[in-house]
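User: I would like to learn how to read a few features of a protein model. Can we start with charged side chains?

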Amino acid sequence: MTDLESSLATIMEVFHRYAEKEGDKHKLKKSELKDLINEELPALTGQVKDQATMDSLMESLDTDGDSELDFQEFMTFVTMKSCDVYP
Ligand SMILES: [Ca+2]
């Protein structure tokens with residue numbers, strides 16, 4: 001695999017590792033997203049402790065309003081974070 005292909009596979013693997021913890025295995029609920037951020041993106045985001053921050057992040061990413069993030073919605077977050085690193 002190329003670097004980009006293996007990177008995409010890694011993103012998908014991390015998404016599923018957290019998504020399958022509770023409930024729908026193909027979607028991240030807010031608590032799973034919080035764990036993913038705190039455990040996998042500590043340098044980029046810092047620890048998210050504040051519930052209001054999580055609530056507004058979830059609200060902005062959850063475009064279909066089902067209170068969970070599917071892979072496509074999660075990728076929006078990855079894109080936002082990538083733009084923070086490489087504006
Ligand atoms: Ca959703």
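Analyst: A salt bridge is a side-chain nitrogen of Lys or Arg within 4 Å of a carboxyl oxygen of Asp or Glu. Side chains of opposite charge can pair when their charged atoms come close. This is a predicted model: local features need pLDDT of at least 70, side-chain atom pairs count only at pLDDT 80 or more, and totals for chains, interfaces and linings use all residues. Residues are numbered from 1 along each chain as its sequence is written, and side-chain values use heavy atoms, with hydrogens and water left out.

User: How many salt bridges does the structure hold?

Analyst: Six. One of them joins arginine 17 to glutamate 40, at 3.4 Å from N to O. That pair links distant parts of the chain, 23 residues apart: arginine 17 lies in helix 1 and glutamate 40 in helix 2 (residues 30-40). Helices here are DSSP runs (H or I, at least four residues), as are strands (E, at least two), numbered from the N terminus.

User: Which residues are linked in a network of salt bridges?

Analyst: Glu13, Arg17 and Glu40.

User: Why does arginine 17 count as partly exposed?

Analyst: Buried means under 20% relative accessible area, exposed means over 50%, and partly exposed is in between (1.4 Å probe, protein chains only). Arginine 17 counts as partly exposed because its relative accessibility is 37%. Glutamate 40 has a relative accessible area of 33%, so it is partly exposed.

User: Which residue forms a salt bridge with lysine 21?

Analyst: Aspartate 35, with the closest N and O atoms 3.8 Å apart. This pair also links distant parts of the chain: lysine 21 is in the loop between helix 1 and strand 1 (28-29), aspartate 35 is in helix 2, and 14 residues separate them. Lysine 21 is partly exposed because its relative accessible area is 45%. Aspartate 35 is at 29%, so it counts as partly exposed.

User: Where does lysine 29 come in?

Analyst: Its side chain meets that of glutamate 22 in a salt bridge, 3.9 Å from N to O. Lysine 29 has a relative accessible area of 26%, so it is partly exposed. Glutamate 22, at 39% relative accessibility, counts as partly exposed.

User: What is the nearest side chain of opposite charge to glutamate 68?

Analyst: For glutamate 68, the nearest opposite charge is lysine 29, 5.0 Å away. Glutamate 68 is buried yet has no salt bridge. It is found in strand 2 (residues 68-69).

User: Which residues does glutamate 68 touch?

Analyst: Contact means heavy atoms within 4.5 Å. Not counting residues up to four places away in sequence, glutamate 68 touches Asp24, Lys27, Leu28, Lys29, Met58, Asp62 and Glu73.

User: Now helix packing. At what angle do helix 1 and helix 5 cross?

Analyst: Axes are lines fitted to C-alpha atoms, for helices over the stretch in contact; angles run from 0 to 180 degrees between N-to-C directions. The axes of helix 1 (residues 3-19) and helix 5 (residues 71-85) cross at roughly 115 degrees and come within 11 Å.

User: Which residues meet there?

Analyst: Helix 1 brings Ile11, Met12 and Phe15; helix 5 brings Phe71, Phe74, Met75 and Val78. By class, this contact has seven nonpolar, no polar and no charged residues. Ala, Val, Leu, Ile, Met, Phe, Trp, Tyr, Cys and Pro count as nonpolar, Asp, Glu, Lys and Arg as charged, and the others, Gly among them, as polar.

Key
Lys and Arg count as positive and Asp and Glu as negative; His and the chain ends are not counted.
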